[in-house]
Amino acid sequence: MSKSDDLYYMKLALEQAKKGQWKTSPNPCVGAVIVNNDEIVGMGYHRKAGAPHAEVNAINDAGELSKNSTIYVTLEPCNHSGKTPPCTQAIINSGLRRVVIGMSDPNPSVAGGGAKYLSEKGVEVISGILEEECIQINRPFIKYITSGIPWIIMKAGMSLDGKINYQKGSGGQITGKQSKQYVHALRDQCDAILIGVETAIIDNPSLTTRLERKPGSDPHRVILDTSLRLSPEAFLLQQQSDASTYIFCGKDVSKKRVEALCRKSAVVKQVTLNSEGKLDLKEILYVLGQEHITSVLVEGGAKIHGAMLAENLVDEVCLLIAPIFIGNQGCSVIDNFAVLAKENAPKVNNLTFQQLGEDIVVSGLLHSGTVV
């Protein structure tokens, strides 16, 4: 196979991987294509955690034609047993003679093990084909597996002058219907959605996914509530949903309030307060990581956004901007955060723009698009 052939077939493997994107947590999304004598004989992708991996699905699709063929896989095949057997053994058993890998496994405890094992068994291994593209589709997994904390998306609906409500202490829809569906599609993709207790009290949201054309998956609901002010009758605690509701509070809250929320099936997590008497955000994110949550959609409010930015915890931003002005009485998208010079300001990179009806969606990555 030539280098151009390898690039072509890896692009097809990436297309397979994207079919499972955002649906495989806490696993990565992976795609595979098997080629025999310049003919595609098998394809597959990882559909969800616990299900067969992409390599196994492609091998099953190819059947006997796997023998002496080449498999293109976007992520290094695993060489360890989890909920499924190691893919390296499936590759050897199928008779594949060549493995072309997009990116190495980012898991520090197993990185390089799959490629090394296959090489030792006489299989030709080539790595790093379309590596950057393979990294891009698995940013949440890479951050989670290397740092233990989830990928953080800061989302806000706002006016042209940066206001997220019409009056402080009140709610009200700012963006249009198409933007609302866009946000629900984001919820469908992410493992969890996070808000502060002020937003929970003012808006009394359900924090569920409501798509127009298909059923969606509800994200886990995460509420930051230092002194446990949330009412057990809050709308988000009344939902018939498979998703859990996590409420993070300080360690000196009322035991009766904890018990009342737990009776509503909430999972109350008591964590450390920082020097300012606020919840330790990094500890919260580590706790969510321990719950196998790899991506979190942070919907506010302004103080939460400011605190996340101040601690350099935001990986991606998604701002939905309506073509209106609200004025001074509205609440700004970010509170309790300030920089004194441009060189100190968090910069959004890899910017994209999309029009949704009258609204504009501005998205991009912090940290120069790298995974930290």
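Start by selecting E358. This residue sits in the loop that links β13 (349-356) to β14 (359-365). Keep in mind that you're looking at a predicted model. Is E358 buried or exposed? Its relative accessibility is 65%, so E358 counts as exposed, since the cut-off for exposed is over 50%.

In sequence, E358 and K121 are 237 residues apart. In space, their C-alpha atoms are 58 Å apart.

Next stop: a pair of helices. Two packed helices are described by the angle between their axes and the distance between the axes. Select α2 (residues 54-62) and α3 (residues 87-94); their axes come within 9 Å and cross at roughly 20 degrees. Angles under 35 degrees count as roughly parallel, so α2 is roughly parallel to α3. The crossing of these two helices is left-handed.

Which residues make the contact? On the α2 side, show E55, V56 and I59. On the α3 side, show C87, A90, I91 and S94. Colour them by type and you'll get 5 nonpolar, 1 polar and 1 charged.

Stay with α2 and pick out its buried residues: A54, E55, N57, A58, I59 and A62. What do they pack against? Besides α3, the buried residues of α2 pack against β1 (31-36), β2 (39-45) and β3 (70-75), so show those strands too.

Last, click on G63, which follows α2. Check the backbone there: the phi of G63 is positive, near 65 degrees.

Technical notes:
Residues numbered from 1 in each chain as written. Predicted model: local features only at pLDDT ≥ 70, side-chain atom pairs only at ≥ 80, totals over all residues. Heavy atoms only, no water. Helix = DSSP H or I, 4+ residues; strand = E, 2+ residues; numbered from the N terminus. Buried < 20%, exposed > 50% of the residue type's maximum accessible area, 1.4 Å probe, protein only. Axes fitted to C-alpha atoms, helices over the stretch in contact; angles between N-to-C directions. Parallel < 35°, antiparallel > 145°, perpendicular 65-115°, else oblique. Left-handed = near helix turned anticlockwise from the far one by under 90°. Contact = heavy atoms within 4.5 Å. Nonpolar A, V, L, I, M, F, W, Y, C, P; charged D, E, K, R; others polar.
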